[in-house]
There are 4 protein chains.
Amino acid sequence: MHNIDLHGIVAYPITPFREEDGGVDADTLVRLIDQLIDAGVHAIAPLGSTGESAYLSESEWRHVVETSVIRVARRVPVIVGISELTTAAAARRATFAEEAGADAIMVLPTSYWKLGEEEVFQHYARIAAATRLPIMAYNNPATSGIDMSPELMIRMVREIDNVCMIKESSGDIQRMHRIHELSGGTVPFFNGSNPLALEAFAAGATGWCTAAACLIPEQTLSLYAAVRSGNLAAARQTFYRQLPLLQFILKGGLPKTVKAGLRLQGLDVGAPRHPVLPLDEAGCRALATILGQVASGEARSAA
Amino acid sequence: MHNIDLHGIVAYPITPFREEDGGVDADTLVRLIDQLIDAGVHAIAPLGSTGESAYLSESEWRHVVETSVIRVARRVPVIVGISELTTAAAARRATFAEEAGADAIMVLPTSYWKLGEEEVFQHYARIAAATRLPIMAYNNPATSGIDMSPELMIRMVREIDNVCMIKESSGDIQRMHRIHELSGGTVPFFNGSNPLALEAFAAGATGWCTAAACLIPEQTLSLYAAVRSGNLAAARQTFYRQLPLLQFILKGGLPKTVKAGLRLQGLDVGAPRHPVLPLDEAGCRALATILGQVASGEARSAA
Amino acid sequence: MHNIDLHGIVAYPITPFREEDGGVDADTLVRLIDQLIDAGVHAIAPLGSTGESAYLSESEWRHVVETSVIRVARRVPVIVGISELTTAAAARRATFAEEAGADAIMVLPTSYWKLGEEEVFQHYARIAAATRLPIMAYNNPATSGIDMSPELMIRMVREIDNVCMIKESSGDIQRMHRIHELSGGTVPFFNGSNPLALEAFAAGATGWCTAAACLIPEQTLSLYAAVRSGNLAAARQTFYRQLPLLQFILKGGLPKTVKAGLRLQGLDVGAPRHPVLPLDEAGCRALATILGQVASGEARSAA
Amino acid sequence: MHNIDLHGIVAYPITPFREEDGGVDADTLVRLIDQLIDAGVHAIAPLGSTGESAYLSESEWRHVVETSVIRVARRVPVIVGISELTTAAAARRATFAEEAGADAIMVLPTSYWKLGEEEVFQHYARIAAATRLPIMAYNNPATSGIDMSPELMIRMVREIDNVCMIKESSGDIQRMHRIHELSGGTVPFFNGSNPLALEAFAAGATGWCTAAACLIPEQTLSLYAAVRSGNLAAARQTFYRQLPLLQFILKGGLPKTVKAGLRLQGLDVGAPRHPVLPLDEAGCRALATILGQVASGEARSAA
């Protein structure tokens, strides 16, 4: 298995679409990637939930992988998201990601039919057999409909060669405690639930997988820095400052809200794909207010 | 809009796969369709959840539509299932179903991202614009992750031309009451939750959408006949007789259990697609016992 | 164990309170009991959830038991509700109910702390040891916080002498199926979820435990009569006619809404006890409209 | 309103019962109170959930209040728990607590019937009118069946004079974030969910309300000390060390497990009241192992 040092702020770019034909807008994607790396994020994760991975055709997906890997150019690690309904399609994409030069893949076991533990295990095992890349097991029951227990994920880390990291997006801090307990603190886990960022770091998370870095990279980085230096008061302060935005993008849906936010910041990345609609006008106004408050450090007025 | 008289037992065939290469086994599919029609079911619904619609490539999906329509040959109505992540893909399939000669389509608004009511509404409206076929709005939160309220579905029936029927698979009888109330009993609703078959008919359901017809067609038909003739005692008796099977296939997952049952009955339809695994040995034994008991009318021993 | 033939409409009177001092208004209670029996209900169940059993002092509770038993005077069976936090208090009340001449008791295992199956079982066993009265095990997780599985309740019917009936108020029709399956149809179960009245009878319920009988006794009785005579269409018609009321009283809380309804009908029964507040004005207007529509058979306008 | 400085480790003693007659064992209670204060806890909270408040008669409850206040003798603040079904009973106890010399009361709005926001608000307002003591609003939906939103609790702090603190036991860290946001960080909130102790402090909790202090006072105090000194790494270490115990007592039920633990440590406090049963033998063995590991700092072996 390849080695990878993944930690800190793992940034999830959206996938820009062209207004004229709805196709992938690679030019804007590379601008966004550069923005993120220039800001100092520790890794780039294209084609996550935020990247509308599930709504891309296979050729579009490959195009985004290639564009991302080439543009990042080893400045930071690239971890590519895979969330396919069939095991065969997921394995095919894993192989492609390796060939394209990605550093790791993040696999979400999405499925129409509820899967038993053995089915999830074999899904990962077959994907792992198709690549030598390190694999991050990704639990996100709200979007995937499958809830992997800490026990199952730790078992996969132990028994499937390349599975070596966990991303927890259930928003339940007790899952992270359990991962720590089951592994004696040896398996790195990443937080994928934005409003849990402060507490996940308190509980020992290695990193924070976040689309918020697209909009407020400095704030996400300052939270990580405060935690690393053991300054809990500073961490709490910067966390509460950015929390309204973290809540907004979680509640509104990441591609929709992050795309609206980037447009407000001057980067036109197009609309999300149907059936997802663009953020409506009232939502855009609320988002603009929140972004302004986060930037200025102004306290959010109580609702 | 085309007219359609849909009622009674709407049978959902599985999609058979060949053992050698995993491809669609059209020969076995036509045998299964003939079996169902010979038994007396009132409609055929290929490519539902049971038909692993979500796991087929677009060309496979088209092949199953064409094969089904041609084989049914207007003996009963054909209603084709569509559950695509993007609106564009769903609309494309709707158009194809009409060209292929289907009588209606059943649309499940599956999505990676949670959809708001307006997003679901526009999803249906765009699909409806792509076809003149009658559309059955299909609510199945457990598989699709989207829960459409009775209010939303009735609104779509009123405001979108071709949407004219509802399939409710949430298993909550109160949803059916609400549909009846909101429409004054004028919008036909179908039950898609197998263990609710008796009560859904009591509440006024027009039909029962069921994969159980693949395994025990006579029993499903006798429940419908008893209800139609107002014989509640007989309906209750035949319902409780088949209930263990209805529970088993719901709990175990329809493609997996129905495929196992058909093999037990002598029709080899192959395995479901990965990540779904075939029913394990203990499951097959339990299923064989249940099928025997349903056939013989023997009471199931208490657990 | 004493014998009891309980079936049909089991009416749950509210407990009237005097306006001047908030005490139990026994005069109005006997009027309500007479009204119910004159209308033809098949049993009287004082001190259920509807009767605010949980909010009465022990002496008030005893007073209501005695008043009810004496007034009913064996015209129909009297089944007395018990829902105490401690086993000792519940057992004491069971003994009292028997001494006072009740025909049966209905026991709800309410508890501050979640109870394990063994704790629930021993709670019933100790109460049963304190009386020879037949006991109805009553499952109502929404109010009691304890959810007894069909398996546990059937086990108690088998292993504890006086436990011989089940009241299911979870609103989940599958629980009734399970009770039927586990007991081979031999254990009588009663439905306590008003909006499930039609389907519970379809599934084989012996009776309907309902506070709606306080407001629309004829309608509840006509549903039972239609089901008994096998007239499913008539049962469905009368059910949908009364459904808006059944939904309203469930959603609004039984003591609050039934007390408001009785006042609208001319019987002043006082307010529920704090912290429960009387139905507000908008609620009273909505209730008056619904009661008028149920009485006139007018269809409810769609929301 | 009286002033109170409540912070840090708020210890919840169990209520000991005598083996011979099941009555309150005041002698053992004072020993336990002394133990807690000697260990250094910052406040004593008799008659919480842990104290089986809900299972005591009114005179027993008064006896425990008086015993506690007298024994604590102002060494630390005493905050008394009240969780009564009726508002009248709760107000009566509030008045008594003040007369007995308590420093504050903690009110849990338990109810048989679901309460609306206005009902909860008036419940608190009426209790507040019966005392000048500071009131801690206590949200614990799992035991009380009522879930108070942060919005409601902050509104009560603003509009009801004595309500000035919040105890959150839902286990949802986002509630604490919301309390912080709504009040601009000005309303002190306490954590009542043991396995959330570390993260609640990270989020800014003023204190930790815990029965764990009965068994491992030093550990709970060292967590608070580490957080206060900004040593996040030390806080995490001591938290993970005691986490298995925190999980065990939450899952097993506080009175049952804490009473078993005290007996293991040599203090015989009797059994909990029926229907709650004593911890069974296997549970006691598991608890002994966990207590040993917490004491020795030995890592818990992975399950």
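**Close-up views of a predicted model**

View 1. C:R178 and C:E181 both belong to helix α7 of chain C, where they stand three residues apart, about one turn of the helix. Their side chains meet in a salt bridge with an N to O distance of 3.2 Å. C:R178 also forms a salt bridge with C:E151, the closest N and O atoms being 2.7 Å apart. Because C:R178 lies in helix α7 (residues 173-183) and C:E151 in helix α6 (residues 150-159) of chain C, this pair ties together parts that are 27 residues apart in sequence. C:R178 counts as buried at 18% relative accessibility, and C:E181 is buried with a relative accessible area of 11%, whereas C:E151, at 35%, is partly exposed.

**View 2. Salt bridges within chain B and within chain A.** The side chains of B:R175 and B:E168 meet in a salt bridge at 3.9 Å, N to O, and both B:R175 and B:E168 are buried. In chain A, salt bridges that share partners join A:D147, A:E168, A:D172 and A:R175 into one network. Over all chains, the structure holds 81 salt bridges.

**View 3. The interface of chain D and chain C.** The contact takes 29 residues from chain D and 30 residues from chain C, and the two chains bury about 2800 Å² between them, 63% of it on carbon and sulfur atoms. D:Y112, D:W113 and D:P275 supply 30% of the area that chain D buries against chain C, which is more than any other three residues.

**View 4. Polar pairs and helices at the interface of chain D and chain C.** Two salt bridges are counted between these chains, one of them being that in which the side chains of D:K256 and C:E119 meet at 2.6 Å, N to O. Across the interface, 16 residue pairs are in polar contact. On the side of chain D that touches chain C, α4 (117-129), α5 (141-144) and α11 (254-264) of chain D each supply at least two residues, and the largest share, five residues, comes from α4(D). The residues of this side divide into 13 nonpolar, eleven polar and five charged.

**View 5. C:M156 in the largest nonpolar core.** Of the 460 residues in this core, A:M156, B:M156, C:M156 and D:M156 touch the most other members. Not counting residues up to four places away in sequence, C:M156 touches C:V120, C:F121, C:Y124, C:A137, C:M148 and C:V163.

Note on methods:
Residues are numbered from 1 along each chain as its sequence is written. Chains are lettered from A and ligands numbered from 1 in the order in which they are written. This is a predicted model: local features need pLDDT of at least 70, side-chain atom pairs count only at pLDDT 80 or more; totals for chains, interfaces and linings use all residues. Side-chain values use heavy atoms; hydrogens and water are left out. Contact means heavy atoms within 4.5 Å. Buried area is the accessible area (1.4 Å probe) that two parts lose on being put together, summed over both. A salt bridge is a side-chain nitrogen of Lys or Arg within 4 Å of a carboxyl oxygen of Asp or Glu. A polar contact is a pair of N or O atoms within 3.5 Å; within protein, one must be able to donate a hydrogen and the other to accept it, and residues adjacent in sequence count only if both atoms are side-chain atoms. Helices (H or I, at least four residues) and strands (E, at least two) are DSSP runs, numbered from the N terminus. Ala, Val, Leu, Ile, Met, Phe, Trp, Tyr, Cys and Pro count as nonpolar, Asp, Glu, Lys and Arg as charged, and the others, Gly among them, as polar. A nonpolar core is a set of buried Ala, Val, Leu, Ile, Met, Phe, Trp, Tyr and Cys residues joined through side-chain atoms within 4.5 Å. Buried means under 20% relative accessible area, exposed over 50%, partly exposed in between (1.4 Å probe, protein chains only).
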